[in-house]
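This report looks at aromatic packing, strand pairing and the nonpolar cores of one protein model. Please keep the structure in view while reading.

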Amino acid sequence: MSLRDDAGDGSSPFDGAWFPRSRDLAVELPELIAELERRGVRVERFTYALDFWQPAPRKLVVADRVVRTGGFRSMDPQVVCLTWAGGARRADLLVVPPETDVLTGARALRLCTRRGLPRSPQMVLAAARSTPLPQVPAMPRAV
């Protein structure tokens, strides 16, 4: 997970990115909420694209408090939305699909902390994929 220092100020299309290991929110969301809490973001509501994720409970207890969730068919499947501070702050995180290779995922996490990103999640992920993978030189064969 990556998060800009000024997340929630509305100045960028993405406030960070999230690279979950699966599409099961019941498993993935508590870990995300706990990490955000460590970073000073006390999430109250989490919204997501209904068709992208496995069904999730409407209320999830994380760290002895309730986080409300909501799935919508109208949301972009590669974006999740977090709100906190009584709904006054909102952050949109790019979702790096779980099946993405680790290097591309790491690049996307890093890209989403920068300003000037395109509004399209597909374009951000394409930019993360555009850098060639590092090549490891072949080791000489032992004779």
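This is a predicted model: local features need pLDDT of at least 70, side-chain atom pairs count only at pLDDT 80 or more; totals for chains, interfaces and linings use all residues.

Residues are numbered from 1 along each chain as its sequence is written, and side-chain values use heavy atoms, with hydrogens and water left out.

**Aromatic pairs**

A search of the whole structure gives 4 aromatic pairs, a pair being rings of Phe, Tyr or Trp (its six-membered ring) with centres within 6.5 Å, called stacked if the planes are under 30 degrees apart, edge-to-face if over 60 and tilted otherwise. Two of these pairs involve Trp 18, as set out here.

| Pair | Centre distance | Plane angle | Class |
|---|---|---|---|
| Trp 18 and Phe 46 | 6.1 Å | 90° | edge-to-face |
| Trp 18 and Trp 53 | 5.3 Å | 20° | stacked |

Trp 18 and Phe 46 are both buried, as is Trp 53, where buried means under 20% relative accessible area, exposed over 50% and partly exposed in between, with a 1.4 Å probe and protein chains only. One aromatic cluster is formed by Trp 18, Phe 46, Tyr 48, Phe 52 and Trp 53.

**Strand S3 and its partners**

In S3, 5 of its 5 residues are buried. S3 runs parallel to strand S5 (residues 65-72), joined by 5 bridges, and antiparallel to strand S6 (residues 79-84), over 3 bridges; pairing requires at least two DSSP bridges between two strands. Ala 49 stands opposite Phe 72 in S5, whereas Phe 46 has Leu 82 in S6 as its bridge partner.

**Nonpolar cores**

The largest nonpolar core has 27 residues, of which Trp 18, Phe 46, Trp 53, Val 80 and Leu 82 touch the most other members; such a core is a set of buried Ala, Val, Leu, Ile, Met, Phe, Trp, Tyr and Cys residues joined through side-chain atoms within 4.5 Å. Helix H1 (25-38), S3, S4, S6 and strand S7 (89-95) each give two or more residues to this core, and H1 gives the most, with 5 residues. A second, separate core of 13 residues includes Val 79, Leu 111, Leu 117 and Leu 125.

Definitions and conventions: Helices (H or I, at least four residues) and strands (E, at least two) are DSSP runs, numbered from the N terminus.
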